[in-house]
Amino acid sequence: AFESDEARERARRRLLNAAKKFGIVPVGFITRQLQSERTHAAAGRLVIELGGTGAPGELEERLRRALRDPTLNVFHWSEASGAYLDAKGRPASLPADGKGRAVTYLERLGRPMIALVHARTALADPELAKMVMAAVRFVLEHDQAYGEVQATATAAAALPAGFVTLMMTDIERSTLVLHRLGDRYGDLLNDVRGIIRGAVTRAGGLEIDARADEFFAVFERPAAALRAAAEVQRCLLDPKRPADLAVRVRIGLHSGRPTLTDAGYIGMTVHTAARVCAAAHGGQIVASGEVKTALESVPAGLRFRPLGRHRVPGLPAAVALYQVLVDGLPAKFPPPRTALKH
């Protein structure tokens, strides 16, 4: 360890001069230098490779190769679950700091993003750790449009451009549901996704992404999005469903003009849709004022109940929220889960 780069360089020159004078080879020093250069070269390649591809799904495998740690795991933070999730959408139990394993956290603006669980030696070099985490941050922020939710459709060219309606869903208290079901949680998740996918397809919408307990879809017309959301809630509250598969899904709808890129949708429209979903309760459908305004006519069996204007995190102005009432389904819910009513 050296006080500064200048101190390190002075020590290096003195050592090499002494080695030349006395005819010795400082094997240990040179080996350490070569190891450091090789390690940092790997980090540099990682920055180029990840930054160039923008393929977050390959993040874990590429980090394993670059850091030569086949046991490395990447866990993504889920706001809905309040926990770090593994690749299968299950809350992860992060190891205690010790026993050869370490956890490196990456945050943005004080909010968690991911946790890397790795061999202690993999990121022991502070400079290497800084470079690697910078590469990881670049990939994550590129994928999420700097904190906004981003679509990751396989074929973004198939997505509709212009004015669209976005639907986002997630499972309320999914962590508690996981603890209740244990290994059967995966079956429940597949069941819920199947219901949502079927409703979206029948309404003429397109699935954009499905991660953990979250689902993201797009519709060219707001009425189609409303019909799909209502069908989802009807199916999930069907009394014929087994009691042990009871689950409450919250649904958020928002209309606007998101930016369509090669990777999918980005922009404040997407971010707003996510916040509208977060404001809902399980079993509830919440729509923004833009959805109601864009409707030519309200689908049969549906009505709007104004919930007022609300300030939500990350948005510059208050958002008008409406509950979508579905005939035959519960209509009473607590106030929206927002920070402040306007």
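**Close-up views of a predicted model**

View 1. Within strand 13, Leu321 is the bridge partner of Ser288. This is a predicted model, in which local features need pLDDT of at least 70 and side-chain atom pairs count only at pLDDT 80 or more, while totals for chains, interfaces and linings use all residues. Residues are numbered from 1 along each chain as its sequence is written, and side-chain values use heavy atoms, with hydrogens and water left out. Strand 11 and strand 13 (residues 319-326) are antiparallel and share three bridges, where two strands pair if DSSP finds at least two bridges between them. Strand 8 (residues 249-256) runs parallel to strand 11 and is joined to it by three bridges, with Leu253 standing opposite Ala287. Strands (E, at least two residues) and helices (H or I, at least four) are DSSP runs, numbered from the N terminus.

**View 2. The two faces of strand 11 (residues 285-288).** In a regular strand the side chains alternate between the two faces of the sheet. Here Ile285 and Ala287 lie on one side and Val286 and Ser288 on the other, and all are buried, meaning under 20% relative accessible area with a 1.4 Å probe and protein chains only.

**View 3. The hairpin of strand 6 and strand 7.** Strand 6 (residues 206-211) pairs with strand 7 (residues 214-219) in the antiparallel sense over five bridges, and Asp209 stands opposite Phe216. Two residues lie between these strands, and Ala212 in the turn has a positive phi of about 50°.

**View 4. Helix 7 (residues 222-236).** Because 11 of its 15 residues are buried, helix 7 is largely enclosed by the rest of the structure; among the buried residues are Pro222, Leu226, Val232 and Leu236.

Key: The expected span of a helix is 1.5 Å times one less than its number of residues. Buried means under 20% relative accessible area, exposed over 50%, partly exposed in between (1.4 Å probe, protein chains only).
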